[in-house]
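User: Could you walk me through this model before I set anything up with it? I'd like the cut-offs spelled out as we go.

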Amino acid sequence: MKFVNPMMMRSLLFLFLLNFGLVGLLCGEDFPEVYNSEPDKAARPPSPEEALAMLKLPEGFSANLFAAEPEVRNPIAMAWDRKGRMWIAENYTYAERAMRFDLSLKDRVLILEDTDGDGTADSRKVFTDEVQMLTSVEVGRGGVWLMCPPQLLFLPDRDEDDKPDGAPEVVLDGFTVAQSNYHNFANGLRWGPDGWLYGRCGHSCPGKVGVPGTPESERIPMKGGIWRYHPERKVFEMLTHGTTNPWGHDWDRNGELFFINTVNGHLWHGIHGAHFTESFGADPNPFVYERIDTHADHYHYDRTGKWSDSRDGAANEFGGGHAHIGMMIYQGSAWPEQFHDRLFTINMHGRRTNVERLDRDGSGFVGRHEPDVFLMGDEWFRGLDIQPGPDGAVYMIDWSDTGECHDHTGVHRTSGRIYRISYGEKQVPDLSLLETMTPATLMEMRGDRPWFDRQIWAAGGTLGGLEECRPTLLSMAHSVEEPVAVRLRALWASTSNGGSLPQWSGLIADREESIRVWTIRILTDKQPIDTIIGPYAERIPEPLPRGIFNAFLARAQQDDSGLVRLALASALQRLPLPQRAELGKALAARGEDADDQNLPSMVWYGISPLAESDPGALVSIAKETRWPNLIRWISRSLSARIEEAPQSLDALISLAADAPTPVQLAILTGVGDGLEGWRKAPKPKSWDDFVAKSERIDSESLAEMVQPLSVLFGSGRALDDIKKVALDRGADSAMRKAALKTLIDARPDDLREICESLLDDRLINATAVKGLTLFDDPNLGKQLAKQYRRFSPAEKPAVMDSLVSRPEWAEAMLEEMKDGRIPKSDLSAFQARQVRSFENEDLSALLGSVWGEVRDSAEDKRKLIEKWTAKLTPEVLSEANLSKGRQLYAGICGACHLMYGEGGKIGPDLTGSGRSDLGYLLENILDPGAVVSADYQMSIFTLRDGRLLTGVVAGESEKTITLRQLTEEMTIAKSDIEKREVSPVSMMPEGLLQALDEDSVRDLIAYLQHPVQVPLP
């Protein structure tokens, strides 16, 4: 009988040691003393028992503390071994923003075990405390795997004595810890069903990965996404690119990979070779024009901004916010059926677990939001992982800290909790099947055993006696009498590090969809994947044997499963280019997939290298398909190479002449996209014939696209027609603006005359100003500055952009501001910084006297933060005018940031972020350059015509650069650029609050903190 709660005793001991500064006694003699770095030294979380009492559970569920401080602290990741023990990665080195990592500390790996089956850990071992920057742990293949960016380490423990056999082995390196970032690191080690070790990485820590000693030119680039490594074959692959910061993944019962993400969509189907949207930045593959969006039909925060539909306190009904950490797909049987096969992920800001139902949708899946569970009232709760255990319960680790994921309040290192959540009677797992870990184990396992399966995945090709049992496993995989779970288990095990293609090829026509899908993956598993056009694209894969490839073609043409077709499309990137063309054409001929979320993109990612190696093959594919996006991307790729390979675009235009109107529109859209930023381009031989035929088609959309392209191809008649539209004051204003933009791109001799004549036309004068910026005439700047008040409020930011593009024009604007004719508030901090970028002392002095100075020193910024923290008390903020705050936000922040679905895309979406925290807001507003991601660094371009442009590079081709600015996105020909610089400062400028009075600052900050949208004044 237990008279004393052991968890309570440990907590009391910990509090005693903490109060007397003796926490170091809990560590080994050589383990550095752990400290808390919050400015508020009295800050501490509720006790583990108090926090447990704040956990709200669905009816019938119960929870207990599996472990807590002092036994476990700062748990960042967990794993399980075949003995049913939990392995915990403790991270102490992660530090606050200014430091990033405190390398005077060390990290640690623990082994926790519940030896008496009461649901509480009563055995604790330290496996190692000699690592740093530890983000993940996994067990298997004779040792322990640790992700310690920039390295993946392996600590052998082949005798299983829970002590490393020797020093850590560096398996991979190149997982960069970016100097400009303090999270998004490589993380998430987990064994997959195919025997590979999978991991994740955020996009702000781009790296180049390889085994130690790999030359730079042979390393594999990564910029966010999912990767995997094969321990026996020593092969690393970057499987997906994109998203922002994935921090959780799992496989469903059929082996389909899913992962969760933070910021730009939370749920993704882990399609090998996919390029997914991310919060910002260009894809590393220049042929990826558009990326696949989230595989959920919702977000966990309100992006619509319908303030009337969501009042105070209702924001959490969406799910809590944009930060998601840890993930599992529950495949056990202990919980009620409503939770079976549901995806669970921890929502940081909502302090809850989001639940997703994974429904089939086209070639893949869509996640649908179901009621959230496990709501936590403890404000210190920071769940980092959630996994099922061997006993049917689910375990959730809690880092236990404040300051959200950025730790902007400092790091509290002396707390940590692990919760065990169960339903019904406690299950006692029989782990005897895993004691020997041989293929015979698989033959004895019947039905779904998800936790056991993962231990078999961990063993992989090291299963003893695998070769002897392979024929039996193959027989099980082929047997239609066996349940699908058993067949898949046998298939995965039989293919681990062995076997030959003919052994599995017969399964490609199997009646079970998941068997067909996995057969396609297995048959191409040893082919190198080519997700980026770059150095390692030169690793040309071997052609598939013709018999197997013919079976692939038959599946592409006949299979009624979209998931099978998706597996084929994914496999394209593992095939030599001639086979890609043949299989891509067969897939693109399936008309039912034209609007599928995944297939057109995945087929394009696979066939896009043909634009350089065999553009004629792309024309052939375009002829067979009616997928508008695929046609558009083919057209764009061929247009961009019009000078090198004009015959291919000419053939495509010939094809368009007799094609249906939707195909013509897709081709012309692609041509326009491919030649964006060009002023002149060679005219395809078939263009005049196409134009003549298009004039007989009654399509206004087609005519609007033909005319500007004709101008680009040098048609004087088309240029005259465009001028007439731009100057016709009775024509549609949108058409006139488009016509004037075409003229600005073409730059006819009379462009200045045309633009000056339109300055008094309020419907089009702001566009005319953009044309006038091409002319280096100080008098034009003076004229525009004096006429500034004539422009509409909506157009003034763009006009101001023009006025700060030349130093003489900026001077004229500041003189008008000095005399009170231009409001000081109309010049944004972004534009003021551009004026300073001219590095003209007199101009900077004028800016300082008229608009104000921006303090650059760290001490100045610290004092500003302290000043506003003291002023913006809860009482002051409660008196704010939120509607006015929204109006201020639109003018100051909205050009760069999305919130509630409105605004620019230069910076991150703020809707679901941790903006309720005043300290977090002030730090990012007043000191935005403290840590700058490469994606948000400002680029400065000096053009040959004398203009200076600043912004963020959103895309780049061989001939053009796409620059994202405050008011627009523009494409610049590289031939027009005289000088290009990358500034170390953030795109977000300092001095954002410079022109605001105290009431306006109060209103703006209160609006940013408010959880739901409010009406405009």
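User: Where does the model come from, and what conventions are you using?

Analyst: This is a predicted model, in which local features need pLDDT of at least 70 and side-chain atom pairs count only at pLDDT 80 or more, while totals for chains, interfaces and linings use all residues. Residues are numbered from 1 along each chain as its sequence is written, and side-chain values use heavy atoms, with hydrogens and water left out.

User: OK, how many helices and strands are there?

Analyst: The protein has 33 helices and 34 strands, where helices (H or I, at least four residues) and strands (E, at least two) are DSSP runs numbered from the N terminus. Buried residues make up 60% of its 1017 residues; buried means under 20% relative accessible area, exposed means over 50% and partly exposed lies in between, with a 1.4 Å probe and protein chains only. Among contacts (heavy atoms within 4.5 Å) between residues at least 6 apart in sequence, 65% join residues at least 24 apart.

User: Which residues touch the most others in the largest nonpolar core?

Analyst: Of its 177 residues, Leu146, Leu152, Phe175, Trp227, Ile418 and Trp604 touch the most other members, and helix H10 (residues 562–571) supplies the largest share of this core, with seven residues. A nonpolar core here is a set of buried Ala, Val, Leu, Ile, Met, Phe, Trp, Tyr and Cys residues joined through side-chain atoms within 4.5 Å. There is also a second, separate core of 74 residues, which includes Ala726, Cys755, Met938 and Ile1005.

User: What is Trp604 in contact with?

Analyst: Leaving aside neighbours within four places in sequence, Trp604 is in contact with Phe287, Tyr289, Leu618, Leu630, Trp633, Ile634 and Ser637.

User: Switching to strands, is E27 mostly covered or mostly open, and what does it pair with?

Analyst: Strand E27 (residues 417–423) is mostly covered, with six of its seven residues buried. Strand E2 (residues 61–68) pairs with E27 in the antiparallel sense over seven bridges, two strands being paired if DSSP finds at least two bridges between them, and in this pairing Ser62 stands opposite Ser422. Strand E26 (residues 394–398) also runs antiparallel to E27, joined to it by five bridges, and Val394 has Ile421 in E27 as its bridge partner.

User: What is in the loop between E26 and E27?

Analyst: Ser400 lies in that loop, and because its relative accessibility is 0%, Ser400 counts as buried. Not counting residues up to four places away in sequence, Ser400 touches Pro45, Trp380, Arg382, His412, Ser415, Gly416 and Arg417. Its phi is near 65°, a positive value in a residue other than glycine.

User: Where else is there a positive phi like that?

Analyst: Arg747 has phi near 55°, again positive in a residue other than glycine, and Arg747 lies in the loop between helix H21 (733–746) and helix H22 (751–757). At 33% relative accessibility, Arg747 counts as partly exposed.

User: And where are there cis peptide bonds?

Analyst: One joins Glu69 and Pro70, with omega about 10°, and Pro70 is in the loop between E2 and strand E3 (75–80). Another joins Pro149 and Pro150, with omega about 15°, and Pro150 is in the loop between strand E8 (143–148) and strand E9 (151–156).

User: Back to helices, how do H9 and H10 cross?

Analyst: The axes of helix H9 (residues 546–558) and H10 come within 9 Å and cross at roughly 135°, where axes are lines fitted to C-alpha atoms, for helices over the stretch in contact, and angles run from 0 to 180 degrees between N-to-C directions. H9 and H10 are therefore oblique to each other, since angles under 35 degrees count as roughly parallel, over 145 as roughly antiparallel, 65 to 115 as roughly perpendicular and the rest as oblique. Phe552, Arg555 and Ala556 of H9 make the contact with Val564, Arg565 and Leu568 of H10.

User: Is H6 enclosed or open?

Analyst: Helix H6 (residues 484–494) is largely enclosed by the rest of the structure, because 10 of its 11 residues are buried; among them are Arg487, Arg489 and Trp492.
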